[in-house]
Amino acid sequence: MSGNRPVLIGAVPLVHVQSMTMSQGYRIERIMGSRWSQATQPTVKTIAVEAVLIGPKRLLIKKALEAMALTSRALVAAAAPALAVAGIPVVSGMTVSLDMQITDLRITHSTGKRDALDVSISLQHVPRSNLSALIGEAADIALAVATATAGSAPPPNPVPRTPGPPI
């Protein structure tokens with residue numbers, strides 16, 4: 001499979017993703033009165049996506065992202081019942097994360113890109129149930145196994161670069 005695979009934020013495909021950052025880990029706390037530390041609990045998984053919306057459908061995609069981010073009372077009334085049951089799934093070549101919630105949505109329109117919108121999305125994992133958390137982890141493991149067995153795309157620049165003599 002080749003080509004540009006979109007990142008799905010819910011049902012919204014983001015085709016021109018510039019970067020995607022996922023942060024997760026474990027909280028480490030010092031044991032009182034000791035020189036030892038202990039891992040106490042996992043930290044909250046967060047995902048940040050930077051993308052560009054291009055083309056005549058860019059405003060429709062913007063409105064769909066706003067609906068998932070619950071940016072207005074009317075959109076909350078329309079989308080909140082569905083989000084109470086299940087969060088927003090994020091599907092990409094890096095992760096399958098269920099039960100995400102948009103915590104910050106920033107859209108920028110500039111004179112340099114008149115027919116494009118820059119979008120910055122921050123998502124946080126808000127688990128709805130243990131079952132959905134298990135399904136999400138199973139899907140993420142399946143993605144990792146499938147990626148490992150399917151091979152990878154060629155490196156970004158297959159021509160090796162070596163420094164030459166000074167100019």
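Ala, Val, Leu, Ile, Met, Phe, Trp, Tyr, Cys and Pro count here as nonpolar, Asp, Glu, Lys and Arg as charged, and the others, Gly among them, as polar. The legends below describe a predicted model.

**View 1. Lining of the second largest pocket by residue class.** The second largest pocket holds about 280 Å³ of space. Its lining consists of 17 residues, and those closest to the pocket centre are Lys45, His125, Pro127, Ala133 and Glu137. Sorted by class, nine of the lining residues are polar, six are nonpolar and two are charged.

**View 2. Elements around the second largest pocket.** Helix 3 (130–150) and strand 8 (96–110) each give at least two residues to the lining. The largest share is that of helix 3, with five residues.

**View 3. Backbone at Asp99.** Asp99 lies in strand 8. Its phi is positive, about 60°, although Asp99 is not a glycine. With a relative accessible area of 3%, Asp99 is buried, because that value is under 20%.

**View 4. The chain as context for the close-ups.** The chain contains nine strands and three helices. Along the sequence, these elements follow the pattern β-β-β-β-β-β-α-α-β-β-β-α. Of the 167 residues, 24% are buried. Among contacts between residues at least 6 apart in sequence, 62% join residues at least 24 apart. The chain has an accessible surface of about 11400 Å², and carbon and sulfur atoms account for 61% of that surface.

Note on methods: Residues numbered from 1 in each chain as written. Predicted model: local features only at pLDDT ≥ 70, side-chain atom pairs only at ≥ 80, totals over all residues. Heavy atoms only, no water. 1 Å grid on protein atoms, 1.4 Å probe; cavity = no way out; pocket = protein on both sides within 12 Å on 5 of 7 lines; lining within 4 Å. Points joined across faces, edges and corners; volume = space filled by probe spheres on them. Helix = DSSP H or I, 4+ residues; strand = E, 2+ residues; numbered from the N terminus. Buried < 20%, exposed > 50% of the residue type's maximum accessible area, 1.4 Å probe, protein only. Contact = heavy atoms within 4.5 Å. Areas by Shrake-Rupley, 256 points an atom, 1.4 Å probe, with all protein chains shown as cover.
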